[in-house]
Amino acid sequence: MDSAAEIARRVGAGELDPVAVVEEALERIAGRGDLNAIRVVDGERAVARARAGVRGRLAGVPLLVKDLIDVAGLRIAYGSK
């Protein structure tokens, strides 16, 4: 598995498709639902953003956000049930 920096470099260089990177990450998340580690998955928005084009140092790197940080459009529970 490549590091986040390597994924970003390869996406920026056109060696990796950002949509494929996001889809692979979503598959890996779905495959480990038994861990109960991820509360909310916003896959549609992630794929849409990847399709729209990505730029910047972490372009194409899937990101997990702890349930303590506000994210526009998502319900945040701050770790409570």
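1. Tyrosine 78. In this predicted model, leaving aside neighbours within four places in sequence, tyrosine 78 is in contact with Asp67, Leu68 and Asp70. The residue is found in the segment after α3 and is partly exposed, at a relative accessible area of 46%. Between the C-alpha atoms of tyrosine 78 and alanine 48 the distance in space is 26 Å, for a separation of 30 residues in sequence.

2. Nonpolar patch. Tyr78 also belongs to a nonpolar surface patch of about 520 Å², together with Leu63, Val65, Leu68 and Ile69. Valine 65, one of these residues, is found in the segment after α3 (43–52). Its relative accessible area is 41%, so valine 65 counts as partly exposed.

3. Aspartate 67. This residue lies in the segment after α3. Its relative accessible area is 18%, and because buried means under 20%, aspartate 67 falls in that class. Apart from neighbours within four places in sequence, the contacts of aspartate 67 are Arg39, Arg75, Ile76, Ala77, Tyr78 and Gly79.

4. The Arg39 pair. With one of those contacts, arginine 39, aspartate 67 forms a salt bridge between side chains, at 3.9 Å from N to O. Arginine 39 sits in the loop between α2 and α3 and aspartate 67 in the segment after α3, so the pair ties together parts that are 28 residues apart in sequence. The cut-off for a salt bridge is 4 Å, and the 3.9 Å value should be read with that in mind. Arginine 39 is partly exposed, at 44% relative accessible area, whereas aspartate 67 is buried.

5. Asp2, Glu6, Arg9, Arg10 and Glu15 are linked in a network of salt bridges. Relative accessible areas are 33% for aspartate 2, 23% for arginine 10 and 46% for glutamate 15. Aspartate 2 is therefore partly exposed, as is arginine 10, and glutamate 15 is in that class too. A search of the whole structure finds 7 salt bridges.

6. Charge. The chain carries 13 positive and 12 negative side chains, and the centres of the two sets lie 6 Å apart. Asp17, Glu23, Glu24 and Glu27 form a negative surface patch. Of these, glutamate 24 is placed in helix α2 (residues 18–31) and is partly exposed, with a relative accessible area of 47%.

7. Asparagine 36. This residue is not a glycine, yet has a positive phi of about 50°. Asparagine 36 is found in the loop between α2 and α3. At 69% relative accessible area, asparagine 36 is exposed.

8. Overall form. The secondary structure comes to 3 helices and 0 strands, in the order α-α-α from the N terminus. Along the principal axes, the C-alpha atoms fill a box of roughly 40 × 25 × 20 Å. Of the 81 residues, 20% count as buried. The chain exposes about 6,400 Å², and carbon and sulfur atoms supply 53% of that area. Among contacts between residues at least 6 apart in sequence, 62% join residues at least 24 apart.

Notes. Residues are numbered from 1 along each chain as its sequence is written. This is a predicted model: local features need pLDDT of at least 70, side-chain atom pairs count only at pLDDT 80 or more; totals for chains, interfaces and linings use all residues. Side-chain values use heavy atoms; hydrogens and water are left out. Patches are made of residues with over 30% relative accessible area and no salt bridge: like charges are joined within 9 Å, nonpolar side chains (Val, Leu, Ile, Met, Phe, Trp, Tyr) within 5 Å. Accessible areas come from the Shrake-Rupley method with a 1.4 Å probe; for residues, only the protein chains shown count as cover. Lys and Arg count as positive and Asp and Glu as negative; His and the chain ends are not counted. The place of a charge is taken as NZ of Lys, CZ of Arg, CG of Asp or CD of Glu. Helices (H or I, at least four residues) and strands (E, at least two) are DSSP runs, numbered from the N terminus. Buried means under 20% relative accessible area, exposed over 50%, partly exposed in between (1.4 Å probe, protein chains only). Contact means heavy atoms within 4.5 Å.
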